[in-house]
Amino acid sequence: MHPNDPSLKSFVEVAADSHFPIQNLPFGVFSTDAEPAPRIGVAIGDQILDLAVLEKVSLLAAPAGSRVFNQPSLNAFIALGQDVWRETRASISELLRHDSPRLRDDQDLRARALVPMAEATLHLPVEIGGYTDFYSSKEHATNVGMMFRDPKNALLPNWLHLPVGYNGRASSVVVSGTPVRRPNGQTKAPNAESPSFGPSAKLDIELETAFIVGEGNALGEPIPVAEADRHIFGMVLMNDWSARDIQQWEYVPLGPFNSKGFATSISPWVVTMDALEPFRVEGPAQNPEPLPYLRQEGKTSVDLHLEVTLKPEGTAEATTICRTNFRHMYWSMAQQLAHHTGSGCNTRVGDLMGSGTISGPEPDSFGSLLELTWNGQRPLTLTGGGERSFLEDGDEVVITGWCQGEGYRVGFGAVTGRITPALK
């Protein structure tokens with residue numbers, strides 16, 4: 001049976017609302033107190049299947065007998081290519097099926113290979129050599145343009161012709177759960193004669209996803225848009241934290257710098273593009289028609305539901321502040337990669353490509369506090385009382401997302417971060 005077959009069941013118990021049924025099988029890196037060395041696993045229900053254990057007993061084998069699952073990142077495995085990704089996912093699916101006895105009936109192997117997720121520490125899944133952040137939501141770009149430029153000409157002239165992006169800071173990409181320190185930076189108040197240096201007062205979220213490059217390209221050799229999908233291993237959730245006041249002062253003329261370089265959080269589980277294939281949908285109509293090197297047809301997007309919650313420190317209940325969908329994104333992942341490499345720029349296995357803030361057409365589908373509160377003019381009312389215009393110290397933000405199938409979900413888990421005070 002195909003690993004995406006909706007009728008598949010695992011011998012591992014999986015709740016109906018779990019993000020990790022047998023149809024998903026996302027890859028990640030984990031460790032335990034008993035075995036502190038990070039290694040690669042796959043999420044199934046509330047368990048982690050330890051692929052290093054299966055590799056050791058020859059139930060999973062990479063080409064030429066190489067050991068790729070007892071590694072602290074997915075890079076070596078990803079570098080083996082799309083055929084190996086698919087073969088490995090199919091083998092894991094077969095081992096986890098409810099009617100497959102090889103792992104199910106070997107009590108000793110099951111005890112070693114299945115680790116409760118609650119007992120594991122999850123790590124950054126890939127070594128990220130390069131990080132690029134795009135700006136591909138038409139709704140988000142329009143909102144920002146209306147706020148800070150001419151409302152009648154919210155989009156800049158280039159926006160409808162190319163996926164706008166900038167090269168971010170790979171060194172500060174962190175895994176979900178890592179505390180985020182409020183950044184210090186240079187800002188200038190509207191009526192001030194000169195700038196000052198201190199903690200950001202407009203710390204914000206950016207609801208994003210990101211894709212991970214699975215096959216790079218040589219310097220000087222662009223990736224055609226029609227071939228871009230095979231260069232993408234999978235996707236993660238991402239919160240590209242943003243200091244809006246620092247950004248407003250520093251971004252002219254070269255764009256974000258200190259306002260974005262202090263932290264970018266990603267989810268620990270990488271959902272493969274093969275697992276997302278049943279949820280492919282057409283993206284928004286593109287008008288004007290893109291230049292030939294960016295033209296695409298068919299199902300170029302993913303029906304991925306996304307939510308954001310905010311929970312102040314000391315409160316019992318979180319407030320859902322945003323519900324949106326990835327399918328609203330104007331520029332596709334394939335177009336982003338084709339444009340990124342169109343000049344001949346080379347990419348490498350493990351490179352991270354952020355979608356840009358994902359906003360929908362309705363006010364509650366905006367993917368940043370900047371938009372949700374219209375730059376602080378319309379504060380959000382939180383469950384249990386209190387308001388937020390921007391993030392305060394102690395606030396915890398959780399982004400989650402999933403694709404809904406018939407009776408099952410293919411999800412990403414969550415990306416979580418809590419704000420800690422700035423250094424004095």
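The model is a predicted one: local features need pLDDT of at least 70, side-chain atom pairs count only at pLDDT 80 or more, and totals for chains, interfaces and linings use all residues. Residues are numbered from 1 along each chain as its sequence is written, and side-chain values use heavy atoms, with hydrogens and water left out.

**A sheet of five strands**

Let's start with an open sheet, whose five strands come in the order S4-S3-S2-S1-S5 with antiparallel pairing. At its edges stand strand S4 (114-116) and S5, each with a single partner strand, so one side of each has no neighbour in the sheet. On average, neighbouring strands here are turned by 50 degrees against each other, direction ignored. (That angle is between axes, which are lines fitted to C-alpha atoms, for helices over the stretch in contact; angles run from 0 to 180 degrees between N-to-C directions.)

A quick word on terms. Helices (H or I, at least four residues) and strands (E, at least two) are DSSP runs, numbered from the N terminus. Two strands pair if DSSP finds at least two bridges between them. In general, strands of a sheet pair through backbone hydrogen bonds, either parallel or antiparallel.

Now zoom in on S1, residues 27-32. How many of its residues are buried? Six of its six are, where buried means under 20% relative accessible area, exposed means over 50%, and partly exposed is in between (1.4 Å probe, protein chains only). Phe27, Val29 and Ser31 sit on one side of S1, with Gly28, Phe30 and Thr32 on the other, and both faces are covered.

S1 has two partners in this sheet, S2 and S5. A hairpin of six residues links S1 to S2, and Gly28 stands opposite Gly41 in S2. Towards S5, Phe30 has Leu122 as its bridge partner.

**Strand S13, another enclosed one**

Strand S13 (residues 207-213) has seven of its seven residues buried, so the rest of the structure largely encloses it. Leu207, Thr209, Phe211 and Val213 point one way, while Glu208, Ala210 and Ile212 point the other. Ala210 is a handy landmark: it stands opposite Val236 in S14 and also opposite Gly354 in S22.

| Strand | Partner | Sense | Bridges |
|---|---|---|---|
| S1 | S2 (residues 39-44) | antiparallel | four bridges |
| S1 | S5 (residues 120-123) | antiparallel | four bridges |
| S13 | S14 (residues 232-239) | antiparallel | seven bridges |
| S13 | S22 (residues 352-354) | antiparallel | three bridges |

**The nonpolar cores**

In soluble globular proteins, nonpolar side chains tend to be buried together. A nonpolar core is a set of buried Ala, Val, Leu, Ile, Met, Phe, Trp, Tyr and Cys residues joined through side-chain atoms within 4.5 Å. The largest one in this model has 59 residues, and those with the most contacts inside it are Met235, Leu276, Ile321, Phe326 and Leu391. A second, separate core has 42 residues, including Leu8, Leu103, Ala113 and Phe233.

What does Phe326 touch, leaving aside residues up to four places away in sequence? Its contacts (heavy atoms within 4.5 Å) include Thr209, Met235, Val302, Met333 and Ile358.

**Helix H3**

Helix H3 covers residues 82-96, 15 residues in total, and reaches 21 Å from its first C-alpha to its last, close to the 21 Å expected at 1.5 Å a residue. That expected span is 1.5 Å times one less than the number of residues. Among the buried residues of H3 are Val84, Trp85, Thr88, Ile92 and Leu96. As a rule, an α-helix has 3.6 residues a turn, so residues three or four places apart point the same way.

Most residues other than glycine have a negative phi, and most peptide bonds are trans. Some places here go the other way. Val252 and Pro253 are joined by a cis peptide bond, with omega about 5 degrees; Pro253 is in the loop between helix H7 (244-250) and strand S16 (264-266). Another cis bond joins Asn287 and Pro288, with omega about 10 degrees, and Pro288 lies in the loop between strand S18 (280-281) and strand S19 (301-302).

Positive phi values turn up too. Leu25, in the segment before S1, has a phi near 60 degrees. For Ser58, phi is near 65 degrees. Which is Ser58, buried or exposed? Ser58 is exposed, with a relative accessible area of 60%, whereas Leu25 is buried, at 0%.
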